[in-house]
Amino acid sequence: MYRIISGKWKAKKIAAPKNFDVRPTTDFAKEALFSILENTYDMQSIAVLDLFAGIGSISFEFASRGCADITSVEMNPKHTSFLNSTASELGFSSQVNVQRGDVFDWLKKFRNKKSFEIVFSDAPFEMEEKKYHELVSLVLNNKYLKENGILIVEHQSRMKFDHPNLIDTRKYGNVSFSFFEPNKEINTEPTE
């Protein structure tokens with residue numbers, strides 16, 4: 001079970017079926033994260049990509065705050081079905097576009113097609129560290145981030161990233177968010 005923290009559905013509790021193996025972002029961590037994001041972005045005018053969307057804790061938080069362009073990628077068919085039915089129940093169907101698929105395959109298939117202000121990833125904590133690095137590379141090297149965009153990776157606090165695009169890591173108990181800036185455009189114009 002999780003709760004939507006703010007916006008249209010503030011304090012709404014969402015309970016997944018008991019047999020779902022999910023770990024929604026804690027309220028404490030989610031509140032801190034959205035406090036950072038709302039100081040940077042106008043929620044009504046951004047596009048969000050939610051990777052490993054699970055049962056929608058992050059997607060529905062963005063939707064509740066007025067974000068109209070959310071793509072949620074999740075592999076588990078039970079979870080995608082739950083995402084779709086909950087989005088419909090809350091009136092978020094036009095805002096949340098649920099895509100069923102393996103995140104890594106999806107990122108390879110849709111490279112250079114659409115850019116987002118925010119790409120959020122909450123991969124299973126047991127995922128190997130090298131897969132986290134692959135994920136960061138896929139997002140940064142395939143124009144998934146707009147110029148003012150940010151990639152946020154939720155991970156266990158004991159894991160540390162060493163990456164040139166890493167700009168900050170915020171720790172909330174055993175959960176951390178690492179923030180990555182987009183790759184800088186290299187100016188190939190000849191200088192005079």
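**View 1. How cover is judged in this predicted model.** Buried means under 20% relative accessible area, exposed means over 50%, and partly exposed lies in between. Asp69, at 28%, is therefore partly exposed. Keep in mind that the whole model is predicted.

**View 2. The overall fold of the protein chain.** Here we have five helices and nine strands, running β-β-α-β-α-β-α-β-α-β-α-β-β-β from the N terminus. The radius of gyration is 16 Å, which agrees with what a compact globule of 192 residues would have. Buried residues make up 50% of the chain. Of the contacts between residues at least 6 apart in sequence, 68% join residues at least 24 apart.

**View 3. A salt bridge under cover, Glu61 to Arg65.** The closest N and O atoms of this pair are 2.9 Å apart. Glu61 is buried, at 0% relative accessible area, and Arg65 is buried at 8%. Both belong to a salt-bridge network that also takes in Lys30 and Glu38.

**View 4. Lys131 and Glu134 on helix H5.** This salt bridge has its closest N and O atoms 3.1 Å apart. The two residues are three apart in helix H5, so about one helical turn separates them. Lys131 is partly exposed at 26%, and Glu134 is partly exposed at 25%. A search of the whole structure turns up 10 salt bridges.

Technical notes
Residues are numbered from 1 along each chain as its sequence is written. This is a predicted model: local features need pLDDT of at least 70, side-chain atom pairs count only at pLDDT 80 or more; totals for chains, interfaces and linings use all residues. Side-chain values use heavy atoms; hydrogens and water are left out. Helices (H or I, at least four residues) and strands (E, at least two) are DSSP runs, numbered from the N terminus. The radius of gyration is taken over C-alpha atoms; the globule rule is 2.2 Å times the number of residues to the power 0.38. Buried means under 20% relative accessible area, exposed over 50%, partly exposed in between (1.4 Å probe, protein chains only). Contact means heavy atoms within 4.5 Å. A salt bridge is a side-chain nitrogen of Lys or Arg within 4 Å of a carboxyl oxygen of Asp or Glu.
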